[in-house]
Amino acid sequence: MKTVFIFFVTLSLLLFIQHYSLLRIFAGLFTVITGVNWIYVNLHKQIQRVLSSSPYHPYHDRFNQSLFDRERVVRGTERWMDVAETVTRYVSKLILIENSYRSMLSLLSSFTIWTLTKYVSTQHLLMTGLILAFSLPCIYSQHQQVIDAHVEEYLKRVHVLLEKYGSIVHQEVNQVGYQIKKLVVKQESQETMKRD
């Protein structure tokens, strides 16, 4: 039930911000809340002035009150820092090619997303991702054996292709790198000769 609630709230939020600017929403909320409170506080002060000799501010006790529990904020911040560090470490391992196979899959996924964003809006991609994230586990649990067999077969094919063509790509990259280095050295030597 909690998962369904999170799904509908997140999807509603994505649909809502697709049609309305977040800046406009926050500015509108601030305007309405502050306007209502301004009327309430000034009305309260006027009524207190009539009823008693010393009017007081209705929110006087809250001005010096701390709005956040520091221990809770510190715990939450530490948790977010742990998550950020884990994600950063994982992404850096992908970028620095700790495992060629995982980095290649990430590269293909990233390229696919990059290409899709040319043709499909980010909001539609996020909504599709959200729907898939909540529906795929149910589908997977119902058809787990069949899906696992297909995924294993495709992963073996990709692994064979990476082994077959990985060395060729590596050689080509090295060759291009050597040519660029040679070109840079040639350029530097020509600039040195012009200065002399």
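A helix here is a DSSP run of H or I at least four residues long, numbered from the N terminus. With that in hand, open the model, which is predicted.

**Stop 1: helix H1**

Select residues 2-19, which form helix H1. Its 18 residues should span 26 Å at 1.5 Å a residue, and the end C-alpha atoms are 26 Å apart, so expectation and model agree. Now pick out Phe7, Leu11 and Leu14, which are buried in H1. Look down the helix axis: these buried residues fall within an arc of 60°, so they line one face of H1. Turn to the face of H1 directed away from the buried side. Lys2, Phe5, Leu13 and His19 are there, and they are exposed.

**Stop 2: helix H3**

Move to residues 70-95, helix H3. H3 has 26 residues. From first C-alpha to last it reaches 36 Å, close to the 38 Å expected at 1.5 Å a residue.

**Stop 3**

Select Ile97, in the loop between H3 and H4. What is the phi of Ile97? It is near 55°, a positive value in a residue other than glycine. Most residues other than glycine have a negative phi. Ile97 has a relative accessible area of 46%, so this residue counts as partly exposed.

**Stop 4: helix H4 and its cap**

Next, select Asn99. Asn99 caps the N-terminal end of H4, with a side-chain oxygen 3.0 Å from the backbone nitrogen of Tyr101. Then take the whole of H4, residues 100-119. The 20 residues of H4 should span 28 Å at 1.5 Å a residue; the end C-alpha atoms lie 29 Å apart, which agrees.

Within H4, pick Leu105. Its relative accessible area is 31%, so Leu105 is partly exposed.

**Stop 5: the largest cavity**

Rolling a probe the size of a water molecule over the atoms shows where empty space is left. How many cavities of 30 Å³ or more does a search of the whole structure find? The search finds one. The largest cavity holds about 30 Å³ of space. To see its lining, select Tyr90, Lys93, Leu94, Glu98, Asn99, Arg102 and Ser103. H3 and H4 are the elements that each give two or more residues to this lining. Which helix gives the largest share? H3 does, with three residues. By class, the cavity lining has two nonpolar, two polar and three charged residues. Asn99, the H4 cap, is one of the lining residues.

**Stop 6: the largest pocket**

Finish at the largest pocket, with a volume of about 260 Å³. Eleven residues line this pocket, and the closest to its centre are Ile97, Ser100, Tyr101, Met104 and Leu162. To show the helices involved, select H4 together with H6, residues 144-195. H4 and H6 each supply at least two residues of the pocket lining. Colour that lining by class: six residues are nonpolar, four polar and one charged.

Methods:
Residues are numbered from 1 along each chain as its sequence is written. This is a predicted model: local features need pLDDT of at least 70, side-chain atom pairs count only at pLDDT 80 or more; totals for chains, interfaces and linings use all residues. Side-chain values use heavy atoms; hydrogens and water are left out. On a 1 Å grid over the protein atoms alone, a cavity is a set of points where a 1.4 Å probe fits but cannot get out, and a pocket is an open set with protein on both sides within 12 Å along at least five of seven lines; lining residues have an atom within 4 Å of a point. Grid points are joined across faces, edges and corners, and a volume is the space filled by probe spheres set on the points. Ala, Val, Leu, Ile, Met, Phe, Trp, Tyr, Cys and Pro count as nonpolar, Asp, Glu, Lys and Arg as charged, and the others, Gly among them, as polar. The expected span of a helix is 1.5 Å times one less than its number of residues. A polar contact is a pair of N or O atoms within 3.5 Å; within protein, one must be able to donate a hydrogen and the other to accept it, and residues adjacent in sequence count only if both atoms are side-chain atoms. Buried means under 20% relative accessible area, exposed over 50%, partly exposed in between (1.4 Å probe, protein chains only). The arc is that of the directions from the helix axis to the C-beta atoms.
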